Amino acid sequence: MTTPIVALAGNPNTGKTSVFNRLTGSSARVVNYPGVTVEREVGRIRLASGEVEVIDIPGAYSLTARSHEEQLAMRAVFGLDGERPNVIVIVVDATQLVRNLYIVAQLLEAGHCVVVGLNLMDAARAAGRAPDVARVQKALGVPVVALSARTGEGFDSLRATLAKVLAEPELGQNRLRFDYPAALEADLEELLPLVDAASPSEARALSLWSLLSLTEEDELTGISQALRTEVRALRKSAAAAGRDLDSEIIATRWRWLDGLRLAVQPAVRVVSMTERIDRFVLHPWLGTLLFVLVMSALFQALFSWSEPAIRATEHVFEWLGDAVRAYSPAGVLTDLIVDGVIGGVGSVLVFLPQILLLFFLLGFLEDCGYMSRVAFLVDRGMRAIGLHGRAFVPMLSGFACAVPAIMATRTLERRRDRLVTMLSLPLMSCSARLPVYTLVIAAMLPRDRHVLGFIPIQVAAMLFMYVFSTVTALSAAAIIGRTVLKGPRIPLLLEVPPYRLPRLPVVGRQMWLRAKSFLTEAGRVILLCTIVLWALLYFPRGPELSKVYSARIDAAPPERAAALQSELATERLRASYGARLGKGIEPVIAPLGFDWKIGVGLIGAFAAREVFISTLGVVYGIGQGDDANGRLLRDKIRAERRPDGPHRYSPLVGISLMIFFALSAQCMSTLAVLRRESGTLRWPLFLFTYMTALAWLASFTVYQVGTALGFG
Amino acid sequence: MENLAQAPHGKPVWIAAVGGDSAYRRRLLELGFLPGVEVIVLGVAPLGDPLQLEIRGCRFSIRKAEAELISITSAAAIERAEVAELKRSA
């Protein structure tokens, strides 16, 4: 006998995830829906009747679908992508019972075996609007269990009910059949033969689903052409007869729901806590002030609070590398382990502090209900660039790091919105670009000039880079949304849920799951890329060095030995495949004002943008790392001269280089995460191509126009 | 006839009809935005859009452009319609 399946369905914001966590405990694991990057959780539990599998179905207000994502819920319920669930537990918000019952009506109509879980009963009681469980059960004709995922109330009873219903499925079915208008019944007769269904009630339900869901511009898949054609014909003739098909179906269902008279209204309409809080949170200027404060805190957290943890991670891996090197024989294998593998694992883990922090804060804001308010507050502004209000936080996070920011786009429901956001936010000036700008500004821009007479040019340049990156990212979103990812405009419909105390276990769990999926999936790619990049800058290890270094280093006094070491590193790097590649691309980057040394730096920067500095450091033979070396590097770059006299790296080269860094997709981790989140290689390739092309063109224009105007 | 975008804030009004693009209209209907149902416009975002409303004890945000497609009516008109409906069914 196969393991029975219990599916958890329900509206968004009903605490379905907490119910799932309570029910499955630690047995849950995350799986992806076939072919798409929508995750779902699966767990196994033991009931009195034996073991069952519990699956989580995406939250939905209705089974009716327009997008592929919405279709997933319906397909999971009907078992179209796998096994059909034996029982569906519909998690319902007890404080908003009636609104939640529409999807219950749909499932009952389809003949599914249903158990209703009235969640948030504790909150409903506190608000004086707790439904009468026995009455709800009588009205719906299926088992109803009062639950509170927060306190654990009702879970024993839920498990017992599930065992009972699994043994006797009729208990969970009520054979609900709505009396639709005669004309609609006639339409359904036409559709019945065209749908694949296990039972007559299911055929009826799927016909109704098709009639409501299939339109000229839906994004649904796996629908037969015959069914589409018939639905189109039926809708057309209904319209010609002045009938409103949508109303005929939906209003009939609602009439039944309203007739149950289950709505619980407190005798006196009390002003709820949520309303009182919103008077402040959504106040024209107090609310705006709070919004700015919360967003600044979020930004500050990502930008600076994560810094100690990032530093610590780097130090641990440096220490680990040194320790391994100290106890292993010198050679290719040790270098591979230290610089390739340990360095690579370090370059994956270094993202963890920001990812954990962002998802903790995001989960916290989402769970307490503030995130919907953010979407509400910024919607007008985000609409101007064709994005949903929920895209604001991922965009803002892009200023810290594109990797967690891309992962944060999961809060967006539509795939198109997610893609537009993911493809434009890497243009936001992330924190890894900052050290590059700092070096370039210090090394290539004049120190004692001022803009408008009082702003030091170096400050102005930094400010300009931030404004520039914001403008380009927002423009990119607007352009991508109107061209590559052009889609029907979906009007905003945003639920504004009541405020709730954030549930730390839920927040912590989500945070951990995100981190885990980053480490196991994107992390692997990042590690691999690090090793490839290391090899590029490490090989070949031929003997054709100018001197025999090893003997000299052994013989030299310590301070001389260090200098010889870095000289050796420089010579090796200059002979590496990476350097050859750098020289190879010189003709391509020369029109931007870059020489092969910058070319090598650009290749090294793929590991992470700030690596540009250490790679350049090695090219110049001053080792990598600390501040003193940073100043040394700056002076070296300043000192570089062209054969004919002037500075090789003029301010114009510096501006061109910064523009290039601002625009190019110079970061393999971003590309790896984008691959993971978009599910295909297509979008990272697109991102890389368009950003590189943009960067090249912009730097080319700046350098060539600048040179022509005599700034070279 | 008035629409929801013109409704006074904080006072109940009643839906007369929901118009507009089919998929979005269908979504609203499924959430219970049906003729005769009470709605309260709670307010508007600081930037002038979207609106926040309460319907059937739940709160939603929709933009003004879409609110304009929801026509509303006064309490008296609803009562008249209900009486007519009762007479017809009797």
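This is a predicted model: local features need pLDDT of at least 70, side-chain atom pairs count only at pLDDT 80 or more; totals for chains, interfaces and linings use all residues.
**Entry: the interface.** I began with the contacts between the two chains. I found 31 residues of chain B in contact with 46 residues of chain A. I then looked up the area that chain B and chain A bury between them, which is about 3400 Å². Carbon and sulfur atoms hold 55% of that area. On the chain B side, E30(B), R59(B) and R63(B) lose the most area to chain A. Together these residues make up 22% of what that side buries.

**Entry: salt bridges.** I looked up the count between chain B and chain A and noted 7 salt bridges. I checked the pair R25(B) and D244(A), which forms a salt bridge. The closest N and O atoms of this pair are 2.5 Å apart.

**Entry: surface charge.** Next I turned to the surface. I noted a patch of negative charge where E314(A), E318(A), D322(A) and E610(A) gather. I placed E318(A) in helix α13 of chain A, which covers residues 307-326.

**Entry: backbone.** I looked up peptide bonds and found a cis bond from F539(A) to P540(A), with omega near 0 degrees. P540(A) sits in the loop between α22 (504-538) and α23 (549-555) of chain A. I located P50(B) in the loop between β2 (38-44) and β3 (51-55) of chain B.

I also checked L120(A), a residue other than glycine with a positive phi, near 60 degrees. I found L120(A) in the loop between β6 (114-119) and α4 (121-126) of chain A.

Conventions
Residues are numbered from 1 along each chain as its sequence is written. Chains are lettered from A and ligands numbered from 1 in the order in which they are written. Side-chain values use heavy atoms; hydrogens and water are left out. Patches are made of residues with over 30% relative accessible area and no salt bridge: like charges are joined within 9 Å, nonpolar side chains (Val, Leu, Ile, Met, Phe, Trp, Tyr) within 5 Å. Accessible areas come from the Shrake-Rupley method with a 1.4 Å probe; for residues, only the protein chains shown count as cover. A salt bridge is a side-chain nitrogen of Lys or Arg within 4 Å of a carboxyl oxygen of Asp or Glu. Lys and Arg count as positive and Asp and Glu as negative; His and the chain ends are not counted. The place of a charge is taken as NZ of Lys, CZ of Arg, CG of Asp or CD of Glu. Helices (H or I, at least four residues) and strands (E, at least two) are DSSP runs, numbered from the N terminus. Contact means heavy atoms within 4.5 Å. Buried area is the accessible area (1.4 Å probe) that two parts lose on being put together, summed over both.
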